[in-house]
Amino acid sequence: NAITQLGSTTVARVGDTDINSQDFLRAYQTQINQVAQQLGKMPSASDAMAMGIPNQVISQLAATAAVDKLAQGMGVGVSSDHLSQMLRTVPAFQGPTGQFDKQTFEAAIQNVGFTEASFLDEQTKEARGSQITDGLFNDAPVPATALELIDRYTADTRTLNYFVLNATSIPTVPAPTDAGELEQWCRDSIT
């Protein structure tokens, strides 16, 4: 669970991990830019609220923090060599020669509001999270029982039989004289 609206710099907390306003604003701006590309125009703040973007961003950041917390608890780590290799493959960080370029890298991350340290920290969290999710879900066979349940649910047909009761279709209930007569009347009325 994420606890929100905690203070001036902390917008949410997942366990003992704070999501600060800078992380929120960076993720919010990224989401707004994606929506703007889809809509062909920049949404206003009220449009963003109506679309639920702030809540989506908080949920996304909280989920990332929770997965990272799980990864840390399990001792999942990321080597600096692996992180370096990941960064070298990002096209936005490559110079005119197609190779990783430190100046291009620095300009690109500054453009989206990161320092080098904060960017590397985010990439480390992402890599840890990927290890957890890949380990749980990649190439994991779906159990046969689950497939059977899904097939049964989608292939089942259901028939609903009903009858309408109203004042004219229900015979008058006689005053009971004993339990046996009432039981017999009920059986007679149903058939």
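**Aromatic rings in a predicted model**

Trainee: Is Tyr-28 buried or exposed?
Mentor: Tyr-28 is buried, because its relative accessible area is 18%, where buried means under 20%, exposed over 50% and partly exposed in between, with a 1.4 Å probe and protein chains only. Keep in mind that this is a predicted model, in which local features need pLDDT of at least 70 and side-chain atom pairs count only at pLDDT 80 or more, while totals for chains, interfaces and linings use all residues. Residues are numbered from 1 along each chain as its sequence is written, and side-chain values use heavy atoms, with hydrogens and water left out.

Trainee: And where do Phe-24 and Tyr-28 lie?
Mentor: Both lie in helix H1, residues 21-39, four residues apart, which is about one turn of the helix; helices are DSSP runs of H or I with at least four residues, numbered from the N terminus. Phe-24 is also buried, with a relative accessible area of 15%.

Trainee: How many aromatic pairs are there?
Mentor: The count comes to six aromatic pairs, taking rings of Phe, Tyr and Trp (its six-membered ring) with centres within 6.5 Å, where planes under 30 degrees apart are stacked, over 60 edge-to-face and the rest tilted. Phe-24 and Tyr-28 are stacked, because their ring centres are 5.7 Å apart and their planes are at 25°.

Trainee: Switching topic, which residues form the aromatic cluster?
Mentor: Phe-93, Phe-100, Phe-105, Phe-114 and Phe-119 form one cluster.

Trainee: Why does Phe-105 count as buried?
Mentor: Phe-105 counts as buried because its relative accessibility is 2%, and Phe-119 does so at 8%.

How values were computed: Helix = DSSP H or I, 4+ residues; strand = E, 2+ residues; numbered from the N terminus.
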